[in-house]
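Please go through the sequence and the model together.

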Amino acid sequence: MPAKVDMDKIVSLCKRRGFIFPSSEIYGGLASCWDYGPMGVELKRNVKEAWWKTMVQDRDDVVGLDTSIMMHPGVWAASGHIDNFTDPLVECKSCHLRWRADAVEGKKCPQCSGELTEPRMFNLMFKTFMGPVEGEGSIVYLRPETAQGIFVNFENVVTTSRKKLPLGIAQIGKSFRNEITPGNFIFRTREFEHMEVEYFVKPGTDEKWLDYWVKERFDWYVKLGIKKENLRLRQHGKDELAHYARDCYDIEYLFPMGWSELEGIANRGDFDLTQHAKCSGKELSYRDAEGGEKYVPYVIEPSAGVDRSILAFLVDAYEEEDVEGEKRTVLHLHHSLAPIKVAVLPLSRNEKLTPLAKEVFRQLCPKFMTDYDDSQSIGRRYRRQDEIGTPFCVTIDFESLEDKQVTIRERDSLAQIRVPIEGLEHVVEAKLKGEAFDASTLWATRQK
Ligand code: GAP
């Protein structure tokens with residue numbers, strides 16, 4: 001079953017409406033690197049905030065952390081990334097293009113049908129040098145996951161947070177992978193953001209907690225508006241488990257190119273703490289309350305990508321519909337994710353309307369991300385707000401000058417209601433929280 005929208009349409013909307021631009025575009029771009037524009041940066045902030053709220057703020061068993069991107073190289077030797085974080089690479093002997101061996105069928109180059117080399121293992125970590133001397137002794141890596149910053153701080157966090165196990169440590173931050181074949185827009189890039197929790201539990205309870213987190217994470221996407229039929233779970237086969245994993249489930253989404261991983265939830269066992277204890281010489285264990293049993297905790301890891309989640313939210317929200325013979329493109333983003341919550345649109349640039357419209361804008365913007373737009377026809381301005389997923393438009397017309405009321409138009413139903421300017425922010429707040437949009441009979445048509 002193909003997804004309902006082509007990737008090209010998403011890429012084009014993102015460019016047109018200021019969500020995502022190609023990186024360094026005026027120099028011709030840089031492969032697989034993207035910049036978030038004014039709308040994209042708000043959407044990204046909202047996705048991260050929604051994750052942090054669910055995973056940290058709303059719970060008493062998870063705390064946050066923000067660790068450095070560059071870490072002691074010993075971390076990556078202990079974690080197994082230097083030896084095992086590799087993909088098999090083949091190169092075409094004619095055109096010299098490089099491919100992931102497992103993504104190529106047969107022994108011919110997909111580009112020019114030339115002969116391919118035998119596979120060799122290619123490490124995906126970016127290497128650089130720290131300080132002014134370039135040499136073996138100054139090599140550092142850009143982290144390929146935020147998880148290791150959490151493991152090496154396990155002891156610090158447990159002792160300072162005064163929390164008992166089970167305990168989760170959450171981190172959002174940039175990760176870097178020198179992917180052989182990045183692509184599909186922001187689905188696979190070489191620089192991206194992770195949202196990860198390492199949830200430390202008593203061995204023996206790990207399977208129960210894995211089931212728990214798989215369900216929690218699946219429900220998170222549904223709660224934020226992703227249609228259930230576009231999500232599915234897939235357990236990893238024994239042969240595809242990462243070197244640290246005892247078990248793993250992928251939450252897959254029906255992206256435009258087909259079903260693909262959106263998030264992974266792994267049971268990492270005691271692999272990481274044991275390795276870091278062995279390689280650092282520091283004991284990394286936990287003692288149950290007051291002189292109880294001592295053990296090395298197991299870890300359940302829900303690991304999501306910010307950018308990949310954004311792509312799923314955009315694809316799922318995208319719709320083209322016919323409204324009275326005209327095509328309307330709309331993003332039905334969840335209210336909490338929408339970059340702009342409310343747009344203030346005076347009917348025209350008429351000098352009589354502007355002061356009141358600006359007053360309404362100033363009333364709303366301290367509470368919500370609010371847009372003010374008075375250029376072009378009102379119809380075009382509605383179209384633009386629909387395309388960026390703005391849940392509500394507030395229109396100021398000549399009647400507003402007399403009756404001190406404005407019209408609120410709802411993105412999804414296109415219904416309109418008339419409400420007093422006084423206390424408007426409370427009406428918008430209630431509607432954003434999901435209060436029904438009870439359009440009066442006068443306004444209950446799908447007006448454009
Ligand atoms: N710490 C475990 C870990 O990193 P992973 O399955 O490699 O596990 C987790 O990555 C998530 O990070 C993926 O499900 C995806 O959402 C995101 N991700 C991984 N590599 C990515 C890439 N190259 N570009 C964008 N997102 C990526």
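This is a predicted model: local features need pLDDT of at least 70, side-chain atom pairs count only at pLDDT 80 or more; totals for chains, interfaces and linings use all residues.

Residues are numbered from 1 along each chain as its sequence is written, and side-chain values use heavy atoms, with hydrogens and water left out.

The largest pocket holds about 1400 Å³ of space. A pocket here is an open set of points on a 1 Å grid over the protein atoms alone, where a 1.4 Å probe fits and protein lies on both sides within 12 Å along at least five of seven lines; lining residues have an atom within 4 Å of a point. Its volume is the space filled by probe spheres set on the points. The lining of the largest pocket consists of 44 residues, and Phe-85, Arg-177, Arg-188, His-236 and Glu-261 lie nearest the centre. Among the elements that give two or more residues to this lining are α4 (81-84), β10 (191-201), β13 (258-269) and α9 (306-317). Helices (H or I, at least four residues) and strands (E, at least two) are DSSP runs, numbered from the N terminus. Strand β13 gives the most, with seven residues. By class, the lining has 15 nonpolar, 12 polar and 17 charged residues; Asp, Glu, Lys and Arg count as charged, Ala, Val, Leu, Ile, Met, Phe, Trp, Tyr, Cys and Pro as nonpolar, and the others, Gly among them, as polar.

The ligand takes up the space of the largest pocket (more than half of its atoms lie within 2 Å of the grid points). Around the ligand are 20 residues, the closest being Glu-145, Arg-177, Thr-189, Glu-196 and Glu-261 (a residue is near if one of its heavy atoms lies within 4 Å). Strand β13 supplies the largest share of this shell, five residues. A nitrogen atom of the ligand is 2.5 Å from an N or O atom in the side chain of Glu-196, and an oxygen atom of the ligand is 3.1 Å from an N or O atom in the side chain of His-194. The protein buries 91% of the 560 Å² that the ligand exposes when taken alone (accessible areas by the Shrake-Rupley method with a 1.4 Å probe).

The second largest pocket has about 640 Å³ of space. Its lining has 23 residues, with Glu-49, Lys-53, His-335, Ser-336 and Lys-341 nearest the centre. Helix α2 provides the largest share of that lining, nine residues.

Key:
A polar contact is a pair of N or O atoms within 3.5 Å; within protein, one must be able to donate a hydrogen and the other to accept it, and residues adjacent in sequence count only if both atoms are side-chain atoms.
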